[in-house]
Amino acid sequence: METLFAVVATVFYALASIRLITRLAHQDGPNMPVALMLAIVGVAFHLAYLVIAILQAPGQNMSVTNVLSLVSWLISAAMVMSVRLLPTTVLMPVVFAFTALTVLAAWLVPASHIMHIELHPGLVVHIALSLFAYCVLVIAFLYALQMSFITHKLKQKGASLLHSSLPPLMLVEQIVFKLLAVGTALLLVAQLSGFAFLDNMFSKTYAHKTVLSLMALAVFLLLLIGQRLWGWRGKQVIGLTVIGVVLLSLGYFGSRVVREFLL
């Protein structure tokens with residue numbers, strides 16, 4: 001069943017992505033209902049796969065591929081649920097294609113990192129907050145890339161012919177800052193919960209993760225302060241968002257990739 005769920009999820013994510021990409025430049029835009037139905041099937045089978053892959057007895061298999069697949073599922077599910085509230089048309093094909101790759105990676109590249117989260121309630125809180133913070137900030141990063149793309153298009157000749165499926169620049173910019181604010185708040189609380197509930201935040205195993213996460217938090221706080229006090233926009237926002245997400249990614253996944261696959 002695990003193989004079936006992984007294959008079906010990958011196929012439907014890929015079909016949804018292809019459906020959106022091939023119609024993105026069309027005058028009428030993508031056929032959103034069809035793409036959404038394909039994506040919903042992918043999200044459902046992906047969740048079924050994750051339940052089997054992670055919830056093993058005894059403990060939970062929180063390998064780097066499983067965690068990455070879980071993060072991508074959260075982002076894909078958020079995209080599907082917010083389609084009527086946020087301009088996600090341009091982002092969804094990228095997200096669905098990436099999610100399909102993470103499902104394949106988790107299925108084809110077996111790795112094991114068994115934990116017993118149920119024995120440590122504080123650890124559950126810390127992991128949940130960290131995952132949600134990372135997902136929100138990655139979505140903010142995607143919107144920042146979209147903001148950069150729209151800005152580039154507007155600077156080109158014939159900006160008045162810009163395809164209607166692209167959202168207004170000011171709307172995307174507002175979404176970026178709201179997501180950054182929420183993600184930064186979640187990241188701050190996640191770090192505080194780690195120091196409150198865990199005793200080994202600066203141990204040899206977790207010191208790099210803690211330091212990189214704190215550096216990312218400082219970058220996002222600087223970005224929000226700069227936007228509020230000095231009106232930072234455009235390149236400053238995009239550049240700092242990229243730096244922050246890269247630092248978080250290195251902290252969350254970098255060393256675990258080395259430990260689980262290279263050592």
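1. A quick convention before we start: two residues are in contact when heavy atoms of theirs lie within 4.5 Å. Please also keep in mind that this is a predicted model. With that in hand, take Thr184, which lies in helix 6. Apart from neighbours within four places in sequence, Thr184 touches Leu137, Leu217, Phe220, Leu221 and Leu224. Its relative accessible area is 3%, and since buried means under 20%, Thr184 is buried.

2. Now the overall layout. The protein has eight helices and two strands. Read from the N terminus, the order of elements is α-α-β-α-α-β-α-α-α-α. Of its 263 residues, 47% count as buried. If you look at contacts between residues at least 6 apart in sequence, 77% of them join residues at least 24 apart.

3. The core deserves a look of its own. The largest nonpolar core holds 76 residues, and Phe96 and Leu180 are the ones with the most contacts inside it. At least two residues of this core come from each of helix 1 (2–23), helix 2, helix 3 (64–81), helix 4, helix 5 (121–155), helix 6 (169–197), helix 7 (207–230) and helix 8 (235–262). Helix 5 gives the largest share of this core, with 16 residues.

4. Setting aside neighbours within four places in sequence, Phe96 is in contact with Tyr13, Ala16, Ser17, Leu20, Ala39, Ser76 and Val80.

5. How do helix 2 and helix 4 pack, and at what angle? Helix 2 (residues 32–54) and helix 4 (residues 92–108) meet at about 25 degrees, and their axes are 12 Å apart. Angles under 35 degrees count as roughly parallel, so helix 2 is roughly parallel to helix 4. The crossing of helix 2 past helix 4 is left-handed.

6. Helix 4 has another partner in helix 3. The angle between helix 3 and helix 4 is about 150 degrees, with axes 9 Å apart. Angles over 145 degrees count as roughly antiparallel, which means that helix 3 is roughly antiparallel to helix 4. Helix 3 passes helix 4 in a left-handed crossing. The contact of helix 3 with helix 4 splits into 12 nonpolar, seven polar and no charged residues.

7. Ser72 sits in helix 3. Is Ser72 buried or exposed? At 2% relative accessibility, Ser72 counts as buried. Beyond neighbours within four places in sequence, its contacts are His46, Phe98, Thr99 and Thr102.

8. Next, helix 5 and helix 6. Their axes come within 8 Å and cross at roughly 160 degrees. With over 145 degrees as the mark for roughly antiparallel, helix 5 is therefore roughly antiparallel to helix 6. The crossing of helix 5 past helix 6 is left-handed. The residues of this contact of helix 5 with helix 6 divide into 25 nonpolar, nine polar and one charged.

9. Lys178 is in helix 6, and at 59% relative accessibility Lys178 counts as exposed. Between Lys178 and Val136 there are 10.0 Å in space, C-alpha to C-alpha, for a separation of 42 residues in sequence. Ser148, in helix 5, is partly exposed, with a relative accessible area of 31%. Ser148 and Ile238 are 90 residues apart in sequence, yet their C-alpha atoms are 7.4 Å apart in space.

Methods. Residues numbered from 1 in each chain as written. Predicted model: local features only at pLDDT ≥ 70, side-chain atom pairs only at ≥ 80, totals over all residues. Heavy atoms only, no water. Axes fitted to C-alpha atoms, helices over the stretch in contact; angles between N-to-C directions. Helix = DSSP H or I, 4+ residues; strand = E, 2+ residues; numbered from the N terminus. Parallel < 35°, antiparallel > 145°, perpendicular 65-115°, else oblique. Left-handed = near helix turned anticlockwise from the far one by under 90°. Core = buried A, V, L, I, M, F, W, Y, C linked by side-chain atoms within 4.5 Å. Buried < 20%, exposed > 50% of the residue type's maximum accessible area, 1.4 Å probe, protein only. Nonpolar A, V, L, I, M, F, W, Y, C, P; charged D, E, K, R; others polar.
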